[in-house]
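Please look over the sequence and the structure shown here before reading on. The briefing that follows takes up helices, surface patches and charged pairs in turn.

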Amino acid sequence: ARARHPKADRPLIDFDMALFLAPMEMAGALLGVIVQRILPTWAVIVLMASILGFTAYKTLVKGVKTFKKERAQKNQVQQFSKVGYSASADAGAQGMRSEA
């Protein structure tokens, strides 16, 4: 029997995703071998560094965007909790004044 995911009702390994990714990985390896045989070593290193720099930049931009979005949501929740707290405290204070 195949192993099941401990917290979800699905298999532990997503075989559909593996079937989708495996040919892409093999094609990438084949392309890498061809490029490495055609280009000189310095060009391969420049190409790899360029790809690494580009992906690092995209990751950084996405990380900053996600950070700003999460911080805005956190600030919004904090504002609502302060407003809700102060409104309930004001209502309680007004209720005490009217009773006196």
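**Helices and surface of a predicted model**

Ile51 has its place in helix α2, where helices (H or I, at least four residues) and strands (E, at least two) are DSSP runs, numbered from the N terminus. This is a predicted model, in which local features need pLDDT of at least 70 and side-chain atom pairs count only at pLDDT 80 or more, while totals for chains, interfaces and linings use all residues. Residues are numbered from 1 along each chain as its sequence is written, and side-chain values use heavy atoms, with hydrogens and water left out.

**Overall picture**
- The protein has two helices and zero strands.
- Of its 100 residues, 2% are buried (buried means under 20% relative accessible area, exposed over 50%, and partly exposed in between, with a 1.4 Å probe and protein chains only).
- The protein exposes about 9400 Å², of which carbon and sulfur atoms supply 67%; accessible areas come from the Shrake-Rupley method with a 1.4 Å probe, and for residues only the protein chains shown count as cover.

**Surface patches**
- Patches are made of residues with over 30% relative accessible area and no salt bridge, like charges being joined within 9 Å and nonpolar side chains (Val, Leu, Ile, Met, Phe, Trp, Tyr) within 5 Å.
- Leu30, Ile34, Ile38, Leu39, Leu47 and Ile51 form a nonpolar patch with about 560 Å² of accessible area together.
- Helices α1 (15-38) and α2 each supply at least two residues of the nonpolar patch, and α1 gives the most, with three residues.
- Lys58, Lys62, Lys65 and Lys69 form a positive patch, with the place of a Lys charge taken as NZ and with Lys and Arg counted as positive, Asp and Glu as negative, and His and the chain ends not counted.
- Lys69 lies in helix α2 (residues 41-99) and is exposed, with a relative accessible area of 55%.

**Salt bridge**
- Side chains of opposite charge can pair when their charged atoms come close.
- One salt bridge is found in a search of the whole structure (a side-chain nitrogen of Lys or Arg within 4 Å of a carboxyl oxygen of Asp or Glu).
- Asp9 forms a salt bridge with Arg4, their closest N and O atoms being 3.0 Å apart.
- Asp9 is exposed, with a relative accessible area of 74%, whereas Arg4 is partly exposed, at 47%.
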